[in-house]
Amino acid sequence: MATSPTPQRVYRAMCPNCGAPVEFRSAASASAVCSYCRSTLARDGEALRRIGQSAELFDDHSPLHLGCSGRWQGLGFTLVGRLQYGYAEGTWNEWHALFDNGRSGWLSEDNGRYVLAFDATLAETLPGATELAAGQRRSIAGRAWDVASCVEARLLAAEGELPQPPVQGSSFTVADLRNERGEVATLDYQHPSRPAWSVGRSVALADLAVTGLADAAEKTLRARASECPGCGAALQVSLATTRSVVCGQCKTVVDVSQGVGGDLAHYKQNNAGDSGLEPLLPLGSVGKLKLGATGLRSWQVVGYLERCELPDDPDDEQVFWREYLLYHRSEGFAFLVDAEDGWSWVAPLTGSPQVKGQTATYDGVSYRQQYRYVAKTTYVLGEFYWQVRRDQRSRNTDYVSGSRRLNCERTDQEVVWSGGETLEAKAIAAAFGLTGGAAAALERDVTPAGGSGRGCLGPMVILLIIVLVILLLVFLAVRHDRDDCDSVRQTYGEASTEYQECRRSSSRGSGRSTGWGWSSSGSSGSGGSSWGGSHK
């Protein structure tokens, strides 16, 4: 457990506004927010000066709070402050982590994912806020970075002890950058003339050995209530991270990113969904699954999406698939993908896979490109940590390596990489306690060398090719017999020595090339469109 930083003395003073005690654990801290009256205080020599008042924090039911302790690379730390930011799609927290040696770090918390980062100073000139866009590749601090997102944000509220006085109100640009090493960097343009640069890595709370976490019940059992704009039924929002919720009665999609109550943005959708089918995994159900290296965890189904591919040619086959949004308190979110050729799971990646041609490399594994397509969301149920919009679209690329999966999803605002693996249907059925017909409905297992989890064209084409090859071989054999020996039979008779010898010669020569053999340019290894993905 972390202790008070030993090289530093603890500084205490009275809030000039309300008289409550305010404590500084670090001599380097320049500001604090009074926990009683929320006055923003700046240190002025040995005194405190009130410079404003912080807004109330949005109650996001985070498992973290001031006073939580942990360890990182052998050093203890304590969470002593928090900044809460908002942007168009939601909010995130930046926790001020004070280490035992006096160093400050930032533990960012966004949709159940965590990054531990440290501020860094750069001598080079950084790109301006208007020069950055999602999908760009930039060289900063001698390293190549991919711009994952570039958004307009604003500081909503602050609490505790902070290295700098918080500036609330005005919006500013924040750029999120990733690289192949799994590092995460942030360019903060709150002060455009001197943008802040920080670098860190994705972490799990278990990796940090965090103690003093809030009770899990506080995260999921509190609910906000409002009326559905479509039918008036009560909306129940269970997760604080929820930005869109679907009415359980009329299936209206409601935007709750700006809070509940008052006028809520919403839209009606087709109540039947794809073929009128209900989710195979009921919303709210909990299953124990081992997703990657996280170990066996209890994942709850909180959302359901139906999506389709938008083919370039309207006459091409349109493929549909289904995605289940899973939630775990300390692991964040993951997706179960149900397609005609099997099940798989994916979760957002912190790092940025490197793409060269049709190959993506991540964590030492090479993946081959399988599909490129435009995806559209057609039907949703439940709650989502992003704003769900009508006909929401993205540009997707799928990559495979045996049973492993990579997906890159791009919009104009961000680039999101996800990774995971195939799953057996029986494992999902066992995890969620499904039996009988419910378990049988899941049976669409994908083989390790199979597709991306979307569509069933590949297996159908394989079967068709096998049948065509057999028919062609039979045809060639019959034609060979008829062309070479029919004239001998007609001349000498079927029982003649000449005819029998002709048949024996034909049999001995049947292994030679037929003129279009397996090594020709028409084989599946020719380098053209493979049969598994020719419809893309």
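Predicted model: local features only at pLDDT ≥ 70, side-chain atom pairs only at ≥ 80, totals over all residues.

Modeller: Residues are numbered from 1 along each chain as its sequence is written, and side-chain values use heavy atoms, with hydrogens and water left out.

Colleague: Why does Ala-134 count as partly exposed?

Modeller: Its relative accessibility is 22%; buried means under 20% relative accessible area, exposed over 50%, and partly exposed in between (1.4 Å probe, protein chains only). Ala-134 therefore counts as partly exposed.

Colleague: Why is the pair of Phe-333 and Tyr-385 called tilted?

Modeller: Rings of Phe, Tyr and Trp (its six-membered ring) pair if their centres lie within 6.5 Å; planes under 30 degrees apart count as stacked, over 60 as edge-to-face and the rest as tilted. Here the centres are 4.5 Å apart and the planes stand at 35°, so the pair is tilted. Both Phe-333 and Tyr-385 are buried.

Colleague: What makes the pair of Phe-335 and Trp-386 tilted?

Modeller: The ring centres of Phe-335 and Trp-386 are 6.1 Å apart and the planes are at 40°, so this pair is tilted as well. Phe-335 and Trp-386 are both buried.

Colleague: Which ring does Arg-103 lie over?

Modeller: Arg-103 lies over the face of Phe-118, 3.9 Å from the ring centre. A charge sits over a ring if NZ of Lys or CZ of Arg is within 6 Å of the ring centre and within 35 degrees of the ring normal.
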